[in-house]
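Me: I have a model open and would like to learn how to read it. Please take me through it one feature at a time.

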Amino acid sequence: MSSPLRLTFVQSASRTDQLPGSPIEVAFVGRSNVGKSSLVNALANRKQLARVSNTPGRTQLINLFEVESARTELGTMVDLPGYGFAKAAKNIKRDWPEMIEGYLLERDNLAMVFVLVDGAIGPTTLDVQMLDWLRYNGVPHTVVATKFDKVKSSKRATRKKELAGGCQLDQGDVVWVSATKGDGIDALRSLVRNWVG
Ligand code: GDP
């Protein structure tokens, strides 16, 4: 088993230009409720680092963490606000695309964006739109399918095929994880460490 990522919360911001510079950064993005907070907590083996919550508003900011490593200049990891929360206030819904798009297009040294897709139901239309947008803008990204434990063993082969196909990817390009059961967490930690470890 790989050791947990040691993450230190640095700052929340509503715009890219409010964030401190970073030598190298990875980001996590996904539809609200996709399991992003649970995954960030699982990567760090912490319970409350990212807030697991169904309350809109709390996670509507860009959250930046430093990743402890042997580097002199520490790499960073960003937890982006979830997109498409039906119950979010109107202004939040209006603001997120600008906030997220601004971040993804303007952030210097953004090396990899991990796009979370719900493994049980994804990709949704919004996920596909996000992936198309990332491809169109040439933003490097990796699809992470969450909640692997929710897919019955008998359905896993089909679900993996469907999800990869829906994302226009080969099955081997998708990283499957379960924050609850721990599947794939080591593999994802290694991918993150490849960039910022
Ligand atoms: P976020 O809105 O993307 O940050 O999602 P959360 O981490 O708050 O999770 C949304 C819901 O999905 C919560 O009820 C979590 O308990 C649940 N969840 C998250 N990850 C998993 C997982 O790996 N397996 C299962 N079964 N449920 C999960």
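Me: What should I know before reading any values?

Reply: This is a predicted model, in which local features need pLDDT of at least 70 and side-chain atom pairs count only at pLDDT 80 or more, while totals for chains, interfaces and linings use all residues. Residues are numbered from 1 along each chain as its sequence is written, and side-chain values use heavy atoms, with hydrogens and water left out.

Me: How many helices and strands does the chain have?

Reply: Helices (H or I, at least four residues) and strands (E, at least two) are DSSP runs, numbered from the N terminus. Here there are five helices and seven strands, and their order from the N terminus is β-β-α-β-β-α-β-α-β-α-β-α.

Me: How much of the chain counts as buried?

Reply: Buried means under 20% relative accessible area, exposed over 50%, and partly exposed in between, with a 1.4 Å probe and protein chains only. By that rule, 47% of the 197 residues are buried. Contact means heavy atoms within 4.5 Å. Among contacts with a separation of 6 or more, 73% join residues 24 or more positions apart.

Me: Which residues of helix α4 are buried, and why are they on the same side?

Reply: An α-helix has 3.6 residues a turn, so residues three or four places apart point the same way. Helix α4 covers residues 156-166, and its buried residues are R159, L163 and A164. They share a side of α4 because they cover an arc of only 125° around the axis, the arc being that of the directions from the helix axis to the C-beta atoms. These buried residues pack against β5 (110-118), β6 (141-146) and β7 (175-176). The face turned away from them carries A157 and K161, which are exposed. Just after α4, Q168 has a positive phi of about 60°.

Me: What does the side chain of R159 reach?

Reply: A polar contact is a pair of N or O atoms within 3.5 Å; within protein, one must be able to donate a hydrogen and the other to accept it, and residues adjacent in sequence count only if both atoms are side-chain atoms. The R159 side chain reaches the backbone oxygen of G119 at 2.7 Å. R159 has a relative accessible area of 12%, so this arginine counts as buried. Beyond its neighbours within four places in sequence, R159 touches D118, G119, A120, I121, G122, V151 and W176.

Me: Where is A111, and is this residue buried or exposed?

Reply: A111 is in strand β5. This alanine counts as buried because its relative accessibility is 15%. The C-alpha atoms of A111 and V26 are 5.7 Å apart, although 85 residues separate the two along the chain. Leaving aside neighbours within four places in sequence, A111 contacts I24, E25, P140 and W195.
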